[in-house]
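Here is a quick tour for someone meeting this protein for the first time. Keep the 3D view open as you read.

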Amino acid sequence: ESIDASEEVVPTEDAASEEVAHGESVEEPLEESSPETAGEDSAEVSPPAQVPKTGEQWPLEQAATETVAAAATEDASSHRGVGILTRTFSWLVALVPLVALSAGSFLVFQGLGVLEVAAAMALAGVIAALVVGQFSRASKFSGASTDIHSVSHVGRVGRPLLGGLALVLRSILATVLVVLTAAVLVDIIDESGFWTLVTWDFWILRAIAGALVVGAVAALAALGGTVLRVAMFASGGLGLLGSLALIVRALPGLDTSMTLSWQGEYMPVIAAASFLLAGLLLLLGVVAEDFAQLAPTDSPSRAPGLISALVSVVPLSALVIFVSWWADSSPLTGLSLLADPVGAVVSDLPSWFPLPALAFLALPLLGLAALVLHSAGAGVSMLGIPGQARHHSLALGLVMAGVLAALIATNFSVISVLPDLVYTLGVVVAAWAGTMVLTSLFSASRTNHHIP
């Protein structure tokens, strides 16, 4: 206890004699400072060491990160406490059977054989896996999503530029996925024969399907957290079951006597690899940094990056190669898969096919679209726009609804221009992903030196 300095305590002889009369040793006053205790006491009460300021570097970096600090906290809080096993199963959301059907049949239609498709898929898959793995690894070390962590090191001009580019890519991808989901829903109803469609009925059905899909995607993206994670689990599980069902469906039509041989030049294979890489980066790269928060950042293992790279790329790549085998086994089957994948898959199936077709073909697309829209809503903060991520996701959902309504009113088919769209956006997303990987590598080496 502290003693007031203004008071003087004068010991008396009687008091001193009473202390000695007890026959016990008189306690010695505490030492003011000793070599052994001084270090321990100072370690307990001294404030945490501050990182030295070197010139103007530290204040400028702090100013650069102030804009994204709140976004990093909100982004990490919704994914806190989730382990590596969760990350493994969550990445199955990338296994979308309809994407594999379209990609495999398109490459065979371009004149490639199964061996050429496998080579192109392997080349594109390795590069995409490296991007996804680096995003996950950087997120593990930084404690925030790689998007938030990286853009804080590129200055006041680079931050809104990269953030705005990521927002545009995610918004376009979410819109395309919503359009494809609504189209698959309409095709399933049309193939089932439950609703005899005429011109106006078809337009009305497209509007209803689009409204349902946009509402479900926006709701899942806005809720985020556990709800979105459960939706991703469900989509990934349905995608895995749908892939197995697709393999069983295709087995009778496979040409098992096919001889694997190189059938063409090398340049078409490189072009196919570019196309596949563009598609993989669009599907996986633009959401990998936000998705990486599904693993704990304090894990001592570097396995999360490897797990993300393998689970996100390998199953989808294997399914694309299998579909190319199926399409190459019969020219008629290949053309049917390219022109009408839903109709080619559900043909000659029992009358109860709409439910499994809806679960295995449409719902995996819906779960991936919700993840992309959630990432887009979280990335709005990169532009300095105030508000919570869920509000941004809902606002982007309204924009998607308007775009979908315009597409329905003009009867514009996104599927017909999808390959050209992938090629065009692939150039942009490749440049964006390369910049993000380099900045994440650079920022990871500086994280421990410039954070106060």
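## Helices H5 and H13

H5 and H13 are oblique to each other, the label for whatever is left once angles under 35 degrees count as roughly parallel, over 145 as roughly antiparallel and 65 to 115 as roughly perpendicular. H5 and H13 (residues 331-339) pack at about 130 degrees, their axes 8 Å apart. Axes here are lines fitted to C-alpha atoms, for helices over the stretch in contact, and angles run from 0 to 180 degrees between N-to-C directions. Helices (H or I) are DSSP runs of at least four residues, numbered from the N terminus.

Who touches whom? On the H5 side you'll find Leu-101, Ser-105, Phe-106 and Phe-109, which meet Gly-334, Leu-335, Leu-337 and Leu-338 of H13; contact means heavy atoms within 4.5 Å. Sorted by class, that makes six nonpolar, two polar and no charged residues. Ala, Val, Leu, Ile, Met, Phe, Trp, Tyr, Cys and Pro count as nonpolar, Asp, Glu, Lys and Arg as charged, and the others, Gly among them, as polar.

Residues are numbered from 1 along each chain as its sequence is written, and side-chain values use heavy atoms, leaving out hydrogens and water.

The average pLDDT (the predictor's confidence in each residue, from 0 to 100) is 74 for the protein, and 67% of the residues score at least 70. Where pLDDT is low, the predicted coordinates should not be read in detail.

## An aromatic pair

The structure holds three aromatic pairs, meaning rings of Phe, Tyr and Trp (its six-membered ring) with centres within 6.5 Å; planes under 30 degrees apart count as stacked, over 60 as edge-to-face and the rest as tilted. Phe-106 and Phe-275 have ring centres 5.0 Å apart and planes at 40 degrees, so this pair is tilted. Phe-106 sits in H5 and Phe-275 in H11 (residues 266-291), so the pair ties together parts 169 residues apart in sequence.

## Helices H10 and H15

The axes of H10 (residues 225-250) and H15 (residues 354-379) come within 8 Å and cross at roughly 145 degrees. Their contact includes Met-232 and Leu-238 of H10 and Phe-360 and His-374 of H15. By class, the contact has eleven nonpolar, five polar and no charged residues.

Notes
Predicted model: local features only at pLDDT ≥ 70, side-chain atom pairs only at ≥ 80, totals over all residues. Helix = DSSP H or I, 4+ residues; strand = E, 2+ residues; numbered from the N terminus.
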